Amino acid sequence: METQNNEKKLSACETLIMKLVWDAEGDISVQKLIVEIRERYGKDYARTTVVTFVKKLMDKGYVSTYRVGRASFVHAERDEYQYKQRLMSEATDFWFEGKPSALLAAVCCGRNVPKEEFLEMRKLLDELDK
């Protein structure tokens, strides 16, 4: 499945792996990915499963891989911020009739959002208005 701008969508497992790749300081080994998936998300995937999903991410252009000795490493080829912007734009269009204010209301309602966060949001909105 592709998005409006022909970017391939990520499956849930691919998204989980990309989150770990983006969160890593630099490139991440496949072995470290396996450990992080287990520790952070409680998923006990076999190495072959993780390698299969990394291969799918390579085919979609999200990562590249390389070897150092016997270890395989994964390198992000796509920017996390741009990915998140695209996801939020699609969610806003689909769920909130293209209205960012409705998205923001949904994010904030029912949560105990600290005053500092509201002030930060106001600051960001004021900067966009300039």
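This is a predicted model: local features need pLDDT of at least 70, side-chain atom pairs count only at pLDDT 80 or more; totals for chains, interfaces and linings use all residues.
**Sheet and the helix on it**

The three strands form an open sheet of 3 strands in the order β1-β3-β2, with antiparallel pairing. Because β1 (28-29) and β2 (63-68) stand at the edges and have a single partner strand each, one side of each is left without a neighbour in the sheet. Between β2 and β3 (residues 71-76), which run antiparallel, there are 6 bridges, and T65 has V74 in β3 as its bridge partner. Helix α3 packs on this sheet, where it touches β2 and β3, and its direction makes about 130° with that of β2.

**Helix pair**

Helix α2 packs against helix α3 at an angle of about 110°, with the axes 10 Å apart, which means that α2 is roughly perpendicular to α3. The residues that meet in this contact are set out below by helix.

| Helix | Residues in the contact |
|---|---|
| α2 | V30, Q31, L33, I34, I37 |
| α3 | R47, V50, V51, V54 |

By class, the residues of the contact of α2 with α3 divide into 7 nonpolar, 1 polar and 1 charged.

**Largest pocket**

The largest pocket holds about 680 Å³ of space and is lined by 16 residues, of which Y81, M88, P100, L103 and L128 lie nearest its centre. At least two lining residues come from each of α4 (80-95), α5 (100-108) and α6 (115-128), and α4 gives the most, with 6 residues. The lining consists of 10 nonpolar, 5 polar and 1 charged residues.

Key: Residues are numbered from 1 along each chain as its sequence is written. Side-chain values use heavy atoms; hydrogens and water are left out. On a 1 Å grid over the protein atoms alone, a cavity is a set of points where a 1.4 Å probe fits but cannot get out, and a pocket is an open set with protein on both sides within 12 Å along at least five of seven lines; lining residues have an atom within 4 Å of a point. Grid points are joined across faces, edges and corners, and a volume is the space filled by probe spheres set on the points. Helices (H or I, at least four residues) and strands (E, at least two) are DSSP runs, numbered from the N terminus. Ala, Val, Leu, Ile, Met, Phe, Trp, Tyr, Cys and Pro count as nonpolar, Asp, Glu, Lys and Arg as charged, and the others, Gly among them, as polar. Axes are lines fitted to C-alpha atoms, for helices over the stretch in contact, and angles run from 0 to 180 degrees between N-to-C directions. Angles under 35 degrees count as roughly parallel, over 145 as roughly antiparallel, 65 to 115 as roughly perpendicular and the rest as oblique. Contact means heavy atoms within 4.5 Å. Two strands pair if DSSP finds at least two bridges between them.
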